[in-house]
Amino acid sequence: MIELRDLDSLETVLVEVVEAGANEVKGVEFDVRTKRELRAEARAAAVAAAREKAVLYAEAAGAQLGPVVHIKDVDDGQVQSYRAHGGHDDGGGEGDLTPGKVTVSAGVVLGFSLIGG
């Protein structure tokens with residue numbers, strides 16, 4: 001495994017590794033160092049969004065939202081991607097492994113009690 005922090009050198013390193021005798025690359029993964037902090041922000045946003053939806057559903061049912069009775073983390077993991085140079089995925093040419101984006105996401109299922117209705 002090779003870890004690079006200078007992503008601009010990725011293709012150069014891969015070429016050098018092949019020239020040194022490597023005959024198989026099992027994959028290229030992109031990640032972020034601040035994933036823990038980003039995941040915490042995403043989880044807080046997921047809880048806020050779930051609460052907002054629950055309020056709408058409760059009001060539509062003629063009830064008020066009560067306290068949380070259940071929380072379940074829905075961990076989608078991360079989506080890793082790369083884009084081709086110039087935005088074309090033609091499989092050839094300089095820049096084929098240019099970093100794209102790393103998406104850090106979170107989901108939650110909240111159960112609330114209802115008051116009234």
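Which residue just after α2 takes a positive phi? G62 does, with a phi of about 75°. The structure is a predicted model, in which local features need pLDDT of at least 70, side-chain atom pairs count only at pLDDT 80 or more, and totals for chains, interfaces and linings use all residues. Residues are numbered from 1 along each chain as its sequence is written, and side-chain values use heavy atoms, with hydrogens and water left out.

**View 1. Helix α2, residues 35–60.** Helices (H or I, at least four residues) and strands (E, at least two) are DSSP runs, numbered from the N terminus. The expected span of a helix is 1.5 Å times one less than its number of residues, so the 26 residues of α2 should span 38 Å, and the 37 Å between its end C-alpha atoms agrees. Its buried residues (under 20% relative accessible area, 1.4 Å probe, protein chains only) are R39, A42, A46, A50, A54 and A58.

**View 2. The salt bridge between D73 and R43.** A salt bridge is a side-chain nitrogen of Lys or Arg within 4 Å of a carboxyl oxygen of Asp or Glu; the count by this rule is one. The closest N and O atoms of the pair are 3.6 Å apart. D73 belongs to strand β1 (residues 64–74) and R43 to helix α2, so the bridge ties together parts 30 residues apart in sequence. Partly exposed means between buried and exposed, the latter being over 50%; D73 counts as such at 42% relative accessibility, and R43 at 36%.

**View 3. A106, in the loop between β3 (98–104) and β4 (107–115).** Leaving aside neighbours within four places in sequence, A106 is in contact (heavy atoms within 4.5 Å) with R39, A42, R43, A46 and V74. A106 and V47 are 59 residues apart in sequence, and their C-alpha atoms are 9.4 Å apart in space.
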